[in-house]
Structures are given as C-alpha cells and as structure tokens.
Amino acid sequence: LDMDAFTAAWHESIVWDMRGYENWPGEQLEYEGEADVIAGFAGYLAAVKSLEVSGLEVTQLEDGRVLGVHLEKRTYEGGEDTYLNIGTIYEFDLNDDQIVRVEVYTGHDRARKAAKL
C-alpha cells in the first residue's frame, strides 16, 4: 500500500467514518486527521499480507460526493483469503478539491442506499 498516494488528496482534518463497515474490528468507529486514520488502519491491516482491489465503479453523486464500489481480496498471514464488497462515499472540500470525509460500507447495496441511489 503506497501511503503517500493513499493520503495525497486528504484534507488535514479528514474524517474517516467506519460506522457502515459491518463488524469493524478497530478501536473506534470514527477517526479524525491523517495520523489518527493511519493509526486506526495500521492495527487492522497488520496481519494482511496482500490486498487486491478489482471491479472499481465510481459514481458522481448529485450533491458533489463520489461513491466508489469495489471488491477487495485480502490475503492474511498463513494464506487465508477474504473477499469483501466495499462501498466508499467521499466528500470533498470544493475550494481545494481535497477529501474531507470518507464513509466506508460493507456491501455495495448498503453503500448505494447511504448515497441515496
């Protein structure tokens, strides 16, 4: 995972909301600021040996947000594979085009419903 590319478009006070992620194993459901978000994901992804993303579909929403849905294949230490349908809603600061809020959902249908599609 290229952390520089992953965080390049983030606003300094980005909020990452995991309430829509079923059984989120992290210590909290909302992270604020780049350091907090990265720390929250570090523990969760520590056991992941590889992560593949496929089937990305991106939809511009009428309110300016963007919905991205994809399939994740995670391979854990020991070789176990897990497949997840993930939907992510991105909200942007229109002044500088940086991401200010991210909502993550397990299940494409749940993400589309949250996006009001």
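User: Is Lys 116 buried or exposed?

Analyst: In this predicted model, Lys 116 counts as exposed, because its relative accessibility is 72%. Lys 116 belongs to the segment after helix H3 (108–114). Its phi is positive, about 65 degrees, although the residue is not a glycine.

User: And Asn 23, what is its phi?

Analyst: Asn 23 has a phi near 60 degrees, which is again a positive value in a residue other than glycine. Asn 23 sits in the loop between S1 and strand S2 (30–32). With a relative accessible area of 70%, Asn 23 is exposed.

User: Let us step back. How many helices and strands are there in the protein?

Analyst: The protein contains 3 helices and 6 strands. Read from the N terminus, their order is α-β-β-α-β-β-β-β-α.

User: What about the overall dimensions: what does the C-alpha trace span along its principal axes?

Analyst: The span is about 45 × 30 × 25 Å.

User: Now the strands. Which way do S1 and S6 run?

Analyst: Strand S1 (residues 10–20) and strand S6 (residues 98–106) run parallel and are joined by 5 bridges. Trp 10 has Ile 99 in S6 as its bridge partner.

User: How does S5 pair with S6, parallel or antiparallel?

Analyst: Strand S5 (residues 81–93) pairs with S6 in the antiparallel sense, over 8 bridges. Phe 92 stands opposite Ile 99 in S6.

User: What lies between S5 and S6?

Analyst: The two strands form a hairpin with 4 residues between them. In the turn, Asp 97 has a positive phi of about 60 degrees.

User: Back to Trp 10. Is it buried or exposed?

Analyst: Trp 10 is buried, because its relative accessible area is 6% and the cut-off for buried is under 20%.

User: How many aromatic pairs are there in the whole structure?

Analyst: A search of the whole structure finds 7 aromatic pairs. One of them joins Phe 6 and Trp 10, with 5.1 Å centre to centre and 65 degrees between the planes, an edge-to-face arrangement. Phe 6 counts as partly exposed, at 29% relative accessibility.

Analyst: Trp 24 and Tyr 31 also pair: their ring centres are 6.4 Å apart and their planes stand at 80 degrees, so the pair is edge-to-face. Trp 24 counts as buried at 9% relative accessibility, and Tyr 31 is buried with a relative accessible area of 2%.

User: Which residues do the ring pairs link into a cluster?

Analyst: The cluster holds Phe 6, Trp 10, Trp 16, Tyr 21, Trp 24, Tyr 31 and Phe 41.

User: How does the lining divide by class?

Analyst: The lining of the largest pocket has 23 nonpolar, 3 polar and 2 charged residues.

Terms used:
Residues are numbered from 1 along each chain as its sequence is written. This is a predicted model: local features need pLDDT of at least 70, side-chain atom pairs count only at pLDDT 80 or more; totals for chains, interfaces and linings use all residues. Side-chain values use heavy atoms; hydrogens and water are left out. Rings of Phe, Tyr and Trp (its six-membered ring) pair if their centres lie within 6.5 Å; planes under 30 degrees apart count as stacked, over 60 as edge-to-face and the rest as tilted. Buried means under 20% relative accessible area, exposed over 50%, partly exposed in between (1.4 Å probe, protein chains only). Two strands pair if DSSP finds at least two bridges between them. Ala, Val, Leu, Ile, Met, Phe, Trp, Tyr, Cys and Pro count as nonpolar, Asp, Glu, Lys and Arg as charged, and the others, Gly among them, as polar.
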